[in-house]
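Visitor: Hi, could you walk me through this model?
Guide: Gladly, here it is.

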Amino acid sequence: MSTVDTTEQSSSAPRRGRKPAPATTVAMAPGAVVPAAPPAAQAGPEHVTEPVAYDAIVLAGFGGPEGQDDVLPFLRNVTAGRGIPDERLEEVAHHYRAFGGVSPINSHNRQLKAALETELAGRGIELPIYWGNRNWDPYLNDALREADAAGHRRLLAIPTSAYSSYSSCRQYREDLADALEDTGLGGVLEVDKVRQYFDHPGFVAPFVDGVAAGLATLREHGASTIEVLFATHSIPMGDAQRSGPAELGLGDGGAYAAQHRAVAEVVMEAIGEPETPWQLVYQSRSGPPSQPWLEPDVNDAIAELPAKGVDGVVIVPLGFLSDHMEVAWDLDTEAMETAAEHQIAAARVPTPGIHPKFVAGLVDLVVERLEGTPVAARPALTSLGPWYDVCRPGCCENARRGFRPAVAGLAP
Ligand SMILES: CC1=C(CCC(=O)O)c2cc3nc(cc4[nH]c(cc5[nH]c(cc1n2)c(C)c5CCC(=O)O)c(CCC(=O)O)c4C)C(CCC(=O)O)=C3C
Ligand SMILES: [Fe+2]
């Protein structure tokens with residue numbers, strides 16, 4: 001039994017025991033486009049192809065506690081109005097308490113902001129970045145007030161979330177609309193957002209490096225039959241079905257699951273191992289047991305591996321940008337324990353973090369909107385993208401909460 005954590009492995013670490021990546025990785029180069037049949041990629045009002053003179057960027061984060069006293073107030077913010085019982089909050093608080101009440105997420109976003117500033121400066125783009133969170137200090141309200149005080153008027157938001165769903169897209173749009181309302185800046189500032197970037201080469205490239213390195217590490221440690229588990233946040237089935245615009249008809253898991261599956265497929269192709277078994281699994285489920293959420297859970301999937309003759313698992317945090325609490329607890333603590341229990345060697349792939357290609361990719365997304373890049377010239381590695389700049393009415397709506405105003409949406 002061995003548990004190998006590749007967390008610290010940098011993308012530039014030598015990949016021993018692998019032949020050079022095959023030609024398919026060429027598709028990872030920024031600028032490469034997969035022009036395949038696009039349900040979403042057709043030019044229309046959802047894509048803005050006029051240049052816009054944005055004068056600042058808002059980095060819109062989730063937020064996390066930075067000490068034991070922050071933990072419960074933070075959790076109350078996250079679950080505000082959702083009737084999540086205190087027992088459940090205590091359960092989650094325990095994850096944070098085990099780490100001194102500090103989520104690494106804010107420090108990651110500070111690093112990302114600094115890396116983006118360096119990248120922008122290096123390209124001669126003079127756009128300041130204001131960082132604000134949905135659930136903790138500094139809040140989106142603070143970011144908007146700061147941008148306004150500095151005289152900015154047209155803001156482009158970069159949410160720290162790559163996929164479509166209520167929690168990963170619309171809720172950021174709604175909270176930005178709330179922040180405009182709260183600060184009284186609704187008529188003063190205009191806030192757009194970059195498209196969801198699940199299939200942007202800059203987001204995908206770090207996972208390609210990481211999965212290749214994870215497989216190599218496990219093989220070096222003697223694993224012979226390996227399965228790759230692409231893990232993302234579970235969400236309620238109803239949210240999944242409503243993720244993305246209904247018109248796309250992407251089936252039970254909606255755009256959310258379809259986007260993850262498509263990216264996972266691209267990653268396996270890019271490392272030249274389309275035949276290596278993989279599956280999409282889910283983590284961090286909450287909510288009452290009576291409510292169906294996306295499955296299987298990562299731990300259940302790991303428990304099934306020995307019966308399939310699998311002795312190594314690569315765990316890919318495909319749904320996340322940084323090693324925050326959902327990664328540190330649910331994957332590095334729980335899933336690693338499950339793997340050890342079942343005598344499966346496990347390697348956890350790094351999140352994009354501040355990988356230079358990821359940072360450059362986010363700046364590419366900003367440039368795309370500054371220049372109004374034609375849809376056909378926008379890089380996207382799956383046939384689902386390039387995703388919308390502006391969401392259709394009802395896109396990613398939350399059935400439980402009903403309609404709330406949101407920025408970056410088409411008028412109903
Ligand atoms: C899709 C998705 C992402 C990915 C997109 C993105 O990154 O935005 C994400 C990220 C995150 N989720 C986080 C934390 C939490 N999420 C919760 C609750 C929930 N998340 C949901 C979904 C997602 N969540 C859902 C459907 C709920 C149930 C509540 C509801 O019905 O809407 C709760 C409440 C307690 C609980 O219910 O477990 C907490 C504390 C943190 C911060 C980690 C840190 O502090 O380091 C991050 C980055
Ligand atoms: Fe969450």
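Guide: What follows is a chat about the domains, the ligand, the sheet and some backbone details.

Visitor: What kind of model is it, and how are things numbered?
Guide: This is a predicted model, where local features need pLDDT of at least 70, side-chain atom pairs count only at pLDDT 80 or more, and totals for chains, interfaces and linings use all residues. Residues are numbered from 1 along each chain as its sequence is written, while chains are lettered from A and ligands numbered from 1 in the order in which they are written.

Visitor: How is the chain divided?
Guide: Into domain 1 (56-198 + 355-377) and domain 2 (199-348); the bounds come from an automatic or database domain assignment. Their C-alpha centres lie 24 Å apart.

Visitor: How many residues of each domain are in contact with the other?
Guide: 27 residues of domain 1 are in contact with 26 residues of domain 2, contact meaning that C-beta atoms, placed from the backbone, lie within 7 Å.

Visitor: Which helix gives the largest share on the domain 1 side?
Guide: Helix 11, with seven residues. Helix 2, helix 3 (105-122), helix 5 and helix 11 each supply at least two. Helices here are DSSP runs of H or I with at least four residues, strands are E runs of at least two, and both are numbered from the N terminus. By class, that side has 14 nonpolar, 10 polar and three charged residues. Ala, Val, Leu, Ile, Met, Phe, Trp, Tyr, Cys and Pro count as nonpolar, Asp, Glu, Lys and Arg as charged, and the others, Gly among them, as polar.

Visitor: Changing topic, which residues come nearest to ligand 1?
Guide: Of the 22 residues around ligand 1, these are G64, S103, S286, H324 and M325; a residue is near if its C-beta atom, placed from the backbone, lies within 6 Å. Helix 1 (68-78), helix 5 (166-183) and helix 10 (325-341) each give two or more residues to the shell.

Visitor: And where does the ligand lie relative to the domains?
Guide: Domain 1 and domain 2 both give residues to its shell, so ligand 1 lies between them. The shell divides into eight nonpolar, 12 polar and two charged residues.

Visitor: How do helix 1 and helix 2 pack?
Guide: Helix 1 and helix 2 (residues 86-97) pack at about 145 degrees, with axes 10 Å apart. Axes are lines fitted to C-alpha atoms, for helices over the stretch in contact, and angles run from 0 to 180 degrees between N-to-C directions. Q68, V71, L72 and L75 of helix 1 meet L89, V92, A93, Y96 and R97 of helix 2.

Visitor: What's the strand order in the open sheet?
Guide: The four strands run 6-5-7-8, with parallel pairing; two strands pair if DSSP finds at least two bridges between them. Strand 6 (278-283) and strand 8 (345-348) each have a single partner, so one side of each is left without a neighbour in the sheet.

Visitor: Which helices lie across it?
Guide: Helix 6 (residues 201-220) lies across strand 5 (226-233), strand 7 and strand 8, at about 160 degrees to strand 7. Helix 8 (residues 254-270) lies across strand 5 and strand 6, at about 135 degrees to strand 6.

Visitor: Where are the cis peptide bonds?
Guide: One joins D137 and P138, with omega about -5 degrees; P138 is in the loop between strand 2 (129-133) and helix 4 (140-149). Another joins E295 and P296, with omega about 5 degrees, and P296 is in the loop between strand 6 and helix 9 (298-303).

Note on methods:
Two residues are in contact if their C-beta atoms, placed from the backbone, lie within 7 Å.
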